[in-house]
Amino acid sequence: MNSTGAAGAVLQLVLVAGGAPLLAGLMRQVRARMEGRAGAGVAQPWRDLRKLLRKEPITPRGSGPAFRAAPTVLMATALVPAAVAPFVTTASPLDGAADLIAVVALLALGTVTLALAALDTGTAFGGMGASREMTVLALVEPTILLAVFALSVRVGSTNLAAIVTATLHDPLRVVSPASLLAAVALAVVTIAETGRLPVDNPSTHLELTMIHEAMVLEYSGPDLALIEWASAMRLTVLLGLLANLFAPWGIATGASLTALPLAVGVFAGKVALLGAGLAAAEVFMAKLRLFRVPELLAGSFLLALLAVATSFFLA
Amino acid sequence: MSDTAYVQLLDLAAGVFLLAAVLMLWRRELASIIRLFAAQGAALAALVAILGVHQQHPELLGVAAGVLALRAGLLPYLMRRALAASGEARETQPLVNVAASLLTAATLTLLAYAVSRPLVALAPSPATQAIPVGITVVLIGLFVLATRRRALSQVVGLLLVDNGITAVAFLATAGVPLTVELGVSLDVLLAVLVLLVLTARMRIAFGATDLDELRELHD
């Protein structure tokens, strides 16, 4: 624990919070350009957030505390992983809390809170969205835990900084079958967990297909702004975890202050690259039928299980 | 070749070998199943070549070239021709649906690991530790044989079993003699040719190669 680590932790919190809407804007812009549209610009999500934050908060009649608390809880569960995970520095003073299982549990807690809020409104769409989200979550959770197990079994610890440091010291680890399989499995569940194509379409309000959008239909004003912001942050956190667990190069490890700006730049570049790649891939993809989603997630579960199995028998 | 590089490459080849088998369960298009089979054949050839280089066994390199030509070249070519003639592009309605068969593959992996532990314990080395991969592929092949209905999928299942057996043979021994491997390869080639002729006859007689239609007797 040192002052550089603390500075790094603050820096990455600001970076994720401020950069998440820009990432969402970048992904929309990439998609728009590839579809031949001009696009609204990378800063458009920030303009939307500013507009929404100025509006008057309104809650539907009959909705209870679950509905009112959800945006704050969702934001909190996105902020804590953004502060503790090793994005910019591995020497963060909050390192003790950066347990991979705890981070996954926090993100799942946010999803569950949002589903409860959707049920609380009592509308048909809210209930439908919540039920679908829980179906996807129930299939995603075992996969994440198995992939985590595959990553942590070689390091002997589920601490994120320990895993990242071990990969830094032994780069060949990344091309081992266990690591590659875990990377693919985690990529699939990241897509499912953040509600991107082919599991969910983030830009539609078509009642037959929407999952995430159905849950937040009743929100407006500052509450909606918080939820949109937190969703963008969750995407940033998951992409950042994916980037740093499998390609941690550039992260600040020591006590020198000069490594921090470089680490910030490299991390922003990695996440922007992953996000742009994801958006570009989405252009060529159609949404999967809801009944085919379990097949995709069963496949990623199998990949995660194979990752664990190979890390044992090909050790 | 240094020891770490050898272990890494061997593990990578074994991983691709296993992954191709699993993806064959996942995909429905017969054309992409055949592509995956070719990739698996290439991974098997790479596995044999890596073993050959490590054991400094030039004969194994010749066997690897033979495996590559047969399993990544000739057999996929023959199946592609049969596929083009049959006009059936997809494996429709396997007896066990795709999600369940993926989970079954997960169970089979664990089963293979459990049953091969005494084998590995006899002489632990990087090569023998990959034996569970070969046994998993054998079990997945048997599963494909039992649950898929198109004749071409059944041929793929049979070849998966054979690929698995070949992989175990190379991983468990210090090199299979060229004569034995040649005999096995010719055997497989002949079996596939016979099965493909049978498939063509079935299609002429029944108009489809769905094996479930063969239950009733016809005049």
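Modeller: In chain A, confidence is lowest in helix H8 (residues 212-215), with a mean of 82, and highest in helix H2 (residues 44-53), at 93. The score is pLDDT, the predictor's confidence in each residue, from 0 to 100. Chain A averages 86, and 98% of its residues score at least 70. This is a predicted model, in which local features need pLDDT of at least 70 and side-chain atom pairs count only at 80 or more, while totals for chains, interfaces and linings use all residues. Residues are numbered from 1 along each chain as its sequence is written, and chains are lettered from A and ligands numbered from 1 in the order in which they are written.

Colleague: How many helices and strands does chain A have?

Modeller: Helices (H or I, at least four residues) and strands (E, at least two) are DSSP runs, numbered from the N terminus. Chain A has eleven helices and zero strands. Its radius of gyration is 19 Å, close to the 20 Å that the globule rule gives for 315 residues, so chain A is as compact as a globular protein of that length. That radius is taken over C-alpha atoms, and the rule is 2.2 Å times the number of residues to the power 0.38.

Colleague: Which residues of helix H6 of chain A are buried?

Modeller: A residue is buried if 20 or more other C-beta atoms, placed from the backbone, lie within 10 Å of its own. In H6(A) (residues 160-169), these are Leu160(A), Ala161(A), Ile163(A), Val164(A) and Thr167(A). They cover an arc of only 160° around the axis, which puts them on the same side of H6(A); the arc is that of the directions from the helix axis to the C-beta atoms. An α-helix has 3.6 residues a turn, so residues three or four places apart point the same way. The cover over the buried residues of H6(A) includes H4, H5 and H9 of chain A.

Colleague: Where does chain B touch chain A?

Modeller: Two residues are in contact if their C-beta atoms, placed from the backbone, lie within 7 Å. By that criterion, 20 residues of chain B meet 16 residues of chain A. On the chain B side, helix H1 (3-26) and helix H4 (98-122) of chain B are the elements giving two or more residues. H4(B) supplies the largest share, nine residues.

Methods: Buried ≥ 20, exposed ≤ 12 C-beta atoms within 10 Å, placed from the backbone.
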